[in-house]
Amino acid sequence: MSLVTGARIERIVILTGAGVSAESGLNTFRDAGGLWEGLDPMDIATPQAFARDPALVYRFYNARRNQLAQVQPNAAHRALARLQAQFPGEVFLVTQNVDDLHERGGSPQVCHMHGELRRVLCGVCRAGAAAREDYDARSRCAQCGESGGLRPDVVWFGEIPYHMQVIGAQLARCDLFVAVGTSGVVYPAAGFVREARAAGALTVEVNPELSEVTGCFHQQRRGPATREVAVLVEELLGS
């Protein structure tokens, strides 16, 4: 399968989701029963959960961050980095993932719409900083010196994702939109394909199975990201 013949592609927007990181072995701390320490992780990733039991939330996110040291970027991460480096036009990479595998895979630009596990945000002064070690309610903000205000710099359920104006501007001017490893369930990311199509872009989904928005794409490529992204990148660079 190849891209639409004659399509002029100069500006590309790529959205990546959990499926890309999963191929590196990055899990979401769900066992076979879908629980983490007896709780649904989606019940932990909320402002209400943090207010109710901050120690639990700190433990969850410290564990997720520490797991990053046990996984490595895969072929999909490296292929996207290659596309960014070698494509003669523009390639804007936006991810729903909060890991750093794109950066470690060589990508020079990554827009983290849901934040980053390896960063903390101070609820007192709103300063962000790198999270190089475990932190909790006793940890002090490097900027204001206050303790008890640090939280993971990630977007929780019920919060507004980061960089939405920048992402919207990129979608409005792209010629090609590619979604890789996304479920099409979480908004506003699930609506990006419709925004890109409304702007006249060709849209391609790369996923091992159907997503909730598969029908919105011009083209679907079934299979693992580690294989299909590499093929797509070869096509784009060859054209």
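Rings of Phe, Tyr and Trp (its six-membered ring) form a pair if their centres lie within 6.5 Å; planes under 30 degrees apart make the pair stacked, over 60 edge-to-face, and the rest tilted. The model is predicted, so local features need pLDDT of at least 70 and side-chain atom pairs count only at pLDDT 80 or more, while totals for chains, interfaces and linings use all residues. Residues are numbered from 1 along each chain as its sequence is written, and side-chain values use heavy atoms, with hydrogens and water left out.

**Exercise 1: Aromatic rings**

Find how many aromatic pairs the whole structure holds, and work out which kind of pair Y61 and W156 form.

Solution. Step one: searching the whole structure gives six aromatic pairs. One of them joins F60 and Y61, with 5.0 Å from centre to centre and 85° between the planes, an edge-to-face arrangement.

Step two: the ring centres of Y61 and W156 are 6.3 Å apart and their planes stand at 50°, so this pair is tilted. It links distant parts of the chain: Y61 belongs to helix α3 (residues 54–67), whereas W156 is in the loop between β6 (150–154) and α6 (164–173), 95 residues apart. Helices (H or I, at least four residues) and strands (E, at least two) are DSSP runs, numbered from the N terminus.

Step three: check the surroundings. Buried means under 20% relative accessible area, exposed over 50%, and partly exposed in between, using a 1.4 Å probe and protein chains only. Y61 has a relative accessible area of 4%, so Y61 is buried; W156, at 3%, is buried too.

Ring pairs connect F50, Y58, F60, Y61, Y135 and W156 into a cluster. W156 also has the charged end of R151 over its ring, 3.7 Å from the centre; for this, NZ of Lys or CZ of Arg must be within 6 Å of the ring centre and within 35 degrees of the ring normal.

**Exercise 2: Strands**

Solution. Two strands pair if DSSP finds at least two bridges between them.

β4 (residues 115–122) and β5 are joined by three bridges, and L121 has G128 in β5 as its bridge partner.

Step four: turn to β2. Strand β1 (residues 11–16) runs parallel to β2, and six bridges join them; I12 is partnered with V91 in β2. Strand β3 (residues 111–112) also pairs with β2 in the parallel sense, over two bridges. Five of the six residues of β2 are buried.

**Exercise 3: Cysteines**

Solution. Step one: a disulfide is a pair of cysteine sulfur atoms within 2.5 Å.

As for C174, the nearest cysteine sulfur belongs to C111, 14 Å away.

Step three: compare accessibility. C122 is buried, with a relative accessible area of 1%, and C174 is buried at 3%.
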